[in-house]
Every structure is written in structure tokens, then in C-alpha cells.
Amino acid sequence: MLIQLTVENILSFKTAVTFSMLAINSDSSHRKRLAVDEAGKDRSVLPIAAIYGANAAGKSNLIRAIAFARDLVVEGTRSNQLIPINVFRLANSNQTPSKFEFKFTYKKAFYSYGFTLNSKQILEEWLYGIPQGKKMEVLFFERSTAKNGAVKVEYGASLRGRKNGSRESFLNFIAKGTRPNQLFLTEAVDRNVKNLVDVLKWFDDSLIIIPAEARCIGLEFGIMHDKEFTQFLSDFLKSSGTGIDSIEVDEVTLDLDELPDSITRELRQQFAEADEDSVMMVENVYGNRYFLAKGERDNISLMQIKTNHLHENGKLMKFSIDEESDGTQRLINLIPALFILHYDSEKVILLDELDRRLHPLLSRQFLDFYLQYMSNRNNNQIIFTTHDTNLLNLELLRRDEIWFVEKDKEGSSNLYSLAEFRIRPDLKIGKGYLNGRFGAIPFFGNIERLGWFKSEVDDTLSPSPVA
């Protein structure tokens, strides 16, 4: 579970900001859903968090910053490649390194992992943790880079071992071979340092990021091969008033020259040159979505999602997914996240713009289902950005589960929780937010200053047209 996150000098975040999923012990609301003692004795963890703020305040930038860090850990970098860090650009001179620090639990162990960097090199990197069954925090490794470029890596006993120096010699060999633009964690796991595998696995498997316009790539395969998922998807769509009775995938086998005309020549050529067992999701300018899988002898399986609606004669009629409304398509692509949260464990889903194209009641139903059927034993979390003030409700969310992002006069994003405000239990949070009580709302200028409209005074002073 994500415990705490700190970012600095990335996108619109100039100074360090910290986002926390630790529950405030003094808040007694919705206590049954907390992961009790997950972060240590008397330190419970929240299963959900909502992030509010005006357009361009930095909500999505927080998600993007986490996505950047995840990709850097999981994918690594290439030789002689600049690190694609997008720093805060509204300062006269910005020499401050960018910083990321994640505190999380995974497989009953606690980890604190972070690094500082610029576009050329990793300047610092550290990993501390409390292994499963232990009580004291231990050092795994610390990496530092001197001004002359010299790199030093220190190892804790939990990583280097205690018996002889063979493991430390191997770690030194890895450290020496780690490029300046590469994380030691990534390099060490690639070199099979098993003590660090779970740390990288948390970033790779547990941390799931869903951008605002994301499409679920494996949706077709999931519908075709997982009956439980297909039933879950169909039932949720049916209960959501979409008019959909069930969902399935049509699959046909074609030659390359039999692909639909709407698939461009470039994509045809790209798929013709692809290896056997390659897969590709294609969405053309008309909104048609296809999933292609290349088989033996260049045979191509073309899969397309079909929704079934009940005809007045009692029979089911098929529709392609692109014939459904934008909101229904959005919901179809979000339900897999809900399925993961319901059936899987130790997943942290970061969802940008939950309410995008969804009716407010549908956004509420989505969260209600998660909170109603979640188990605090599976240690899942969902963190989402939204503008939907209907979700700003203390009957749904705790105060420490509601966060705001606001830009200051310098254009730097700040992050703070509703728990920092003293409010009455009966206060209507949504109304207070729109009234500016908690900040993080748009500031509008006087539209008349744009000069687009003539005022009544101007009209009376203007000469009458000549008849």
C-alpha cells in the first residue's frame, strides 16, 4: 500500500510536496475500512483518496510525476540518453535536483525508496525498509554522487550479508557498471539481486496508473478468456442503466489484405513486419477500435468488442463498442480497474479524472461499489482526481481522504488535505468548496475587460444610424 509520496521540482511542483495515505487517528469516521496497523503499530492506512483542484492546478501533474518515476524504475534508461525529466520551468534559475520518495508496504514489509536527479544523472538514491517479521528499520543501500562525478554506494547488512565479502564484491561490481543515468535499483534487479526484487515489483505490478484518456488494452482478451471478468463487466454495465444486457468479443481470422479499409496503410505495413504472436490495438479516426493478433502463416485474428442490447422482440441485438455513447465507452474501460480492486490484492490504482464523461451518479456508484465490497485484508487503494463536487461528502469520504491542489502566484502547485481545516461535522463540503472556503478553485477575471462586448453606456453614446 502507498503510505506517503513526496515530489519536488517536477512539472508544476517547484517545492517539495507530500501526499499521505496515513489515516488520522482522531478521525473516527469509516474506521472499519482502514488497513489497521499496516504502516506500523497504531498507524492505519486509507483505502481511497480524492484529489480536487481547478483546471491546470496540477492534479494530473501529480499523476504524471508518479508515472515518470514508475517508468524510470521499471523501464530504466538507454546508454548516453538524457533522463526525460520535465522540471518546474517558471523560475529564473532552477538548479534544484528533482526529488521522488515513496514509502509503501508490500508483502508485509515496509520500504522507503527515493532518489534525486537531473537530466544527466542520478545524484542520490536510497532504500530503507523494515523486512517482514522485523521491528527495526534497516539500510538496504545509499548511493551518492560527488561533484566530480564519483559515485559511492553503501550497503546495509540486509543486502550485503554478514558471512563473507563475496556478495559485497558482487554489489560493487554492479554499482561500478551502473550508468550515471540509471537507477541502481533497476540495474541490481536486472543483475538478479533477489533482495531488491519486491521493491521493483511493487512499482511494476502493484502501481497501476490510468490516464484520463486511457483505453484498457487487454480488454478484448479478458472478455474472451476470463468468464468471471466478463460476467462482472456485464453485470456492472447492466446495473448502471447503460441499456447493455451483456458484452462479448467477436473474433474473425483474416489475411492482411482483408483488414478493414479504415485501418491505415502505415498500420498495415507495421503489422505485416511484426513478429508472430504480436498484438496491436488500433483505433482509427472514426472511433472504430480493433484488437489484432498475428498468428501462424501471417494469419491475423481481428477482435472487436460487441455489446448486446435487448430488442423489443426479446432477442439480443449486437452493437459495436464505437456505437455506444462516450460515457458508456469510458465506463467499459474503467470497470477492469474495479474488477482488480475487488478480486486482486496489494494494488494501488491512480486514476486521472474519474468523472470524465460520466454522470455524477455513475461516478458515485463506481466508488460506492469499491467501498462497499472492498476488504481491508486485500490492501488495495484507489487514488483519483476529479471535479465532481457530489463526491465531496463526509458520508462517502473521510476528511483525510480529500485532498486539494492549488497554484500560487509563481505558478507552483501546492498540495494539502481537508484534514488541515477545522470544520463542523454537518458542513456541506461540496458547497463550501465551490464557495472557495478550501481554495483550489478557478479565479475568474472580469470578462468585460476583454472588450468583446459593448456596454449599455457605449450603446447609448453611439450615433444613431442614418435612415
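Predicted model: local features only at pLDDT ≥ 70, side-chain atom pairs only at ≥ 80, totals over all residues.
Residues are numbered from 1 along each chain as its sequence is written, and side-chain values use heavy atoms, with hydrogens and water left out.

**Nonpolar cores**

- The largest nonpolar core has 71 residues; a core here is a set of buried Ala, Val, Leu, Ile, Met, Phe, Trp, Tyr and Cys residues joined through side-chain atoms within 4.5 Å, with buried meaning under 20% relative accessible area (1.4 Å probe, protein chains only).
- F100, F102, F115, F141, L196 and F203 touch the most other members.
- Helix α1 (residues 59-75) gives the most to this core, at 9 residues; helices are DSSP runs (H or I, at least four residues), numbered from the N terminus.
- A second, separate core has 54 residues, including F291 and F384.

**Helix α1 with α5**

- R70, V73 and V74 in α1 meet L200, F203 and D204 in α5, where contact means heavy atoms within 4.5 Å.
- That contact splits into 4 nonpolar, no polar and 2 charged residues; Asp, Glu, Lys and Arg count as charged, Ala, Val, Leu, Ile, Met, Phe, Trp, Tyr, Cys and Pro as nonpolar, and the others, Gly among them, as polar.

**Helix α7 with α9**

- E228, F229, F232, L233, F236 and L237 in α7 meet a set in α9 that includes L331, I335 and F339.
- Here the residues divide into 12 nonpolar, 1 polar and 1 charged.

Conventions:
Buried < 20%, exposed > 50% of the residue type's maximum accessible area, 1.4 Å probe, protein only. Helix = DSSP H or I, 4+ residues; strand = E, 2+ residues; numbered from the N terminus.
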